[in-house]
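Let's take a walk through a protein model together.

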Amino acid sequence: MMKIWLSILLIGLSFKTVMAQTPKIDTEKLLEYYENQRYADAAQYLQSLYPADTQDVKALTQIAYCQMMAGKLPDAEKSYTKVNTLQPNSIPVLFSLANINSRRGNITNAKTYLQQIIQLDSQNFTAYKQMAAYTDTPETKLEYLKKANSLNATDPDIAYDLAMVYNGLKQFQPAYDVLKTAIAADPENFTLQQTQLPISNRLGKYQEVIETGEKLLKVHADANVMNEMGQAYFYVKNYQRCIDLYKMLEELGMQNEGTLYYMALSYRELKDYNRAAIYAQKTIDEAISDHTTLYYAALAGIYEAKNQYNDAITAYKRGLTFGASNIIYYRLGLLYDLNLKQPKNAVTYYHLYLKNSPDQEKEKEQISYARDRITMLAVK
């Protein structure tokens, strides 16, 4: 009987000792730090309550989160790594480690953590989505995007990225089908519909391009939409409408070799040979070089230096009519963000920059900055 009571007493003392070692957290203070986004202060406060060698997984996870939110990425990585050692195979912790390594430019490490997640959960959509962003070859990127799309066919980002890879591989029908499914789930998604237009033109779906394009123009007079519509109208032999659309671009200073060429052909079909000759010559004059986009970026940069921001925007957007450009997307994001204080437009172009597959090594600082600005502007 004495032994039993002694055992109970020892258990009670052990319980009291454990309880005594558990710090008392001032939840009101911590909540105030969180509400005011003072994550560095929150991390410091939590660290002051626990010993440096603490094995408390919950505390370490909370400290790591605060460090990550405060931008103290090396400290956050150390804390999350310790958590991962104490409690391996936690998918949220692995995601945090992948995110931290991505932000620090350690793509190889980020991919390693994502692959661990996929091994633990072969149906994890987010892991496949992030892996696709880090792949080097179109074939590998395609496989990850196809898997992510199979898990969530309506996600607009994955649909866009997958369609663009298919398009780059000249697989136009799969690109069209992917976008069609995503658009059906989000009929008001301007980006997806705009992306589908050139693919629809490639497949000869000219009437669909016209109907979609006319609807989009009521929302926003976009040069790329007008460009695709003009081609569609030409192929259905509505030459006057083709001319009218491309005239509008010309008046805005946003014509290019292609629009001028179709205008020349349309005037020829209408037997207006004088104008056809004029636009044939304009087409020749416009076809300067494969580097025309870069030239417009340089011109826009000069306008920026002179604080002529509207002229700079026009020059940048004219450059985009010749093709997608990381330089222009990024510079437009900065221009709208820092000079014109138009956060919505800034976020649009930062997103376009990130979607256009910038070089993960050569452009890692720009990639990191664009991601950070998107996050900050979304909060405002």
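**A walk along the helices**

Let's begin with a residue tucked away in the model: at 6% relative accessibility, Asn-256 counts as buried, where buried means under 20% relative accessible area, exposed means over 50%, and partly exposed is in between (1.4 Å probe, protein chains only). Before going on, note that this is a predicted model, in which local features need pLDDT of at least 70 and side-chain atom pairs count only at pLDDT 80 or more, while totals for chains, interfaces and linings use all residues. Residues are numbered from 1 along each chain as its sequence is written, and side-chain values use heavy atoms, with hydrogens and water left out.

So where does Asn-256 sit? You'll find Asn-256 in the loop between α15 and α16. Helices here are DSSP runs (H or I, at least four residues), strands are runs of E (at least two), and both are numbered from the N terminus. Setting aside neighbours within four places in sequence, Asn-256 is in contact with Asn-227, Glu-286, Thr-321 and Phe-322; contact means heavy atoms within 4.5 Å.

Two packed helices are described by the angle between their axes and the distance between the axes. Helix α15 (residues 239–251) and helix α16 (residues 257–269) pack at an angle of about 145°, and their axes are 9 Å apart. The axes are lines fitted to C-alpha atoms, for helices over the stretch in contact, and angles run from 0 to 180 degrees between N-to-C directions. Which residues meet here? From α15 come Tyr-239, Cys-242, Ile-243, Tyr-246, Lys-247, Leu-249 and Glu-250, and they meet Thr-259, Leu-260, Tyr-262, Met-263, Ser-266, Tyr-267 and Glu-269 in α16. Sort the residues of this contact by type and you get nine nonpolar, two polar and three charged. For that sorting, Ala, Val, Leu, Ile, Met, Phe, Trp, Tyr, Cys and Pro count as nonpolar, Asp, Glu, Lys and Arg as charged, and the others, Gly among them, as polar.

Lys-237 is in the loop between α14 (223–235) and α15, and at 62% relative accessibility Lys-237 counts as exposed. Its phi is near 70°, a positive value in a residue other than glycine. Asn-89, in the loop between α5 (73–86) and α6 (91–103), also has a phi near 70°, and its relative accessibility of 52% makes Asn-89 exposed.

At 29% relative accessibility, Leu-203 counts as partly exposed. Beyond its neighbours within four places in sequence, Leu-203 is in contact with Phe-172, Gln-173 and Tyr-176. Gln-173 is 30 residues from Leu-203 along the chain, but their C-alpha atoms are separated by 7.3 Å. Gly-204 lies in that loop between α12 and α13 too, and is partly exposed at 35%.

Finally, zoom out. The chain has 22 helices and zero strands. Its radius of gyration is 28 Å, well over the 21 Å that the globule rule gives for 380 residues, so the chain is more spread out than a compact globule. That radius is taken over C-alpha atoms, and the rule is 2.2 Å times the number of residues to the power 0.38. The C-alpha atoms fill a box of roughly 115 × 45 × 35 Å along the principal axes.
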